[in-house]
Amino acid sequence: MSDDSTSSVLRLVQSLAPSVAYKESNLEQNRKVWNLYAKDWKPDEGWVRTMAENLGEEWRSEPLAILGDEWSDRESVLQVIKEFILPHLPEGANAAEIGVGGGRIATKVAPRCGQLHCLDISAEMLSKAKQALSEVEGPAKVQFHLLESNTLPESLGARLLVANNP
């Protein structure tokens, strides 16, 4: 192999290295993937727009606002919240969302909560969720928790109603 092709291969391997799943725990592999996803996510980024293109005209005509908007159309998200979350979430509830991601569900649920705990394994995702929730009005006191393991923080105990990201 020539020096030029060796350096090209080396550059390719180095550019792919952050996205390679190594022999780490599932938690660590997922943390790495979601940190990279959130870090690189911008509403006008080409790969994000490409993901959103299959969702219909609404995503071409309206800007993506929150990380995760590219995964499903707004109507479907609102339907899931209305049918599966809100019936189990009384006004003023102390609730949590495990896997809050960019906060697309939390932003819709927070106004109904007295306190909302947003949990995720990714610090970058929590940062995006904080940004999204900073613009939400309502009574909810929002706290963010970085999950370091596959268990809930002991400080939260069993006193939560949990709305898991669909």
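Tutor: Begin with the word strand. Helices and strands are DSSP runs, numbered from the N terminus, and a strand takes at least two residues of type E. By that rule cysteine 113 belongs to strand β2. Keep in mind that this is a predicted model.

Student: How many helices and strands does the protein chain have?

Tutor: The protein chain has seven helices and four strands. Along the sequence they follow the pattern α-α-α-α-α-β-α-β-α-β-β.

Student: Which elements have the highest and the lowest mean pLDDT?

Tutor: Start from the average. For the protein chain it is a pLDDT of 84, and 83% of the residues score at least 70. Among the elements, helix α7 (residues 123-133) has the highest mean, 96. Strand β4 (residues 161-162) has the lowest, 52.

Student: Back to cysteine 113. Is cysteine 113 buried or exposed?

Tutor: The cut-off for buried is under 20% relative accessible area. Cysteine 113 has 1%, so it is buried. Six of the eight residues of β2 are buried, so β2 is largely enclosed by the rest of the structure. Over the whole protein chain, 33% of the 166 residues count as buried.

Student: Which strands pair with β2?

Tutor: Look for bridges. Six of them join β2 (residues 113-120) to β1, and the two strands run parallel. Six bridges also join β2 to strand β3 (residues 141-146), again parallel. Strand β1 (residues 93-98) is mostly covered, with five of its six residues buried.

Student: Which residues stand opposite each other in these strands?

Tutor: Take glutamine 115 in β2. Asparagine 94 stands opposite it. Lysine 141 in β3 also stands opposite glutamine 115. Further along, alanine 96 has histidine 117 in β2 as its bridge partner. The general idea for side chains is that they alternate between the two faces of the sheet in a regular strand.

Student: How far apart are cysteine 113 and lysine 141?

Tutor: In sequence, 28 residues. In space, C-alpha to C-alpha, 7.9 Å. For the protein chain as a whole, take the contacts with a separation of 6 or more: 55% of them join residues 24 or more positions apart.

Student: Next, the nonpolar cores. Which residues have the most contacts inside the largest one?

Tutor: Leu89, Val109 and Leu116 do, in a core of 17 residues. The elements giving two or more residues to this core are α5, β1, α6 (106-109), β2 and α7. Look at valine 109. Leaving out residues up to four places away in sequence, valine 109 touches Ile81, Ile85 and Leu89.

Student: How do I describe a pair of aromatic rings?

Tutor: For a pair, the centres must lie within 6.5 Å. By this rule there are four aromatic pairs here. In one of them, tryptophan 34 and tyrosine 37 have ring centres 5.4 Å apart and planes at 65°, so the pair is edge-to-face.

Student: Where do tryptophan 34 and tyrosine 37 sit?

Tutor: Both are in helix α2 (residues 26-40), three residues apart, so about one helical turn separates them. Tryptophan 34 is partly exposed, at 30% relative accessibility. Tyrosine 37 is buried, at 14%.

Student: What kind of pair do tyrosine 37 and tryptophan 71 form?

Tutor: A tilted one, with 5.9 Å centre to centre and 45° between the planes. This pair links distant parts of the chain, 34 residues apart. Tyrosine 37 is in helix α2, while tryptophan 71 lies in the loop between α4 (57-61) and α5 (74-85). Tryptophan 71 counts as partly exposed, at 31% relative accessibility.

Student: Which residues form the aromatic cluster?

Tutor: Trp34, Tyr37, Trp47 and Trp71 form one cluster.

Student: And the surface: what share of it belongs to carbon and sulfur atoms?

Tutor: The share is 55% of an accessible surface of about 10000 Å² for the protein chain.

Definitions and conventions:
Residues numbered from 1 in each chain as written. Predicted model: local features only at pLDDT ≥ 70, side-chain atom pairs only at ≥ 80, totals over all residues. Heavy atoms only, no water. Buried < 20%, exposed > 50% of the residue type's maximum accessible area, 1.4 Å probe, protein only. Contact = heavy atoms within 4.5 Å. Areas by Shrake-Rupley, 256 points an atom, 1.4 Å probe, with all protein chains shown as cover. pLDDT = per-residue confidence, 0-100. Phe/Tyr/Trp six-rings, centres within 6.5 Å; stacked < 30°, edge-to-face > 60°. Pairing = 2+ DSSP bridges. Core = buried A, V, L, I, M, F, W, Y, C linked by side-chain atoms within 4.5 Å.
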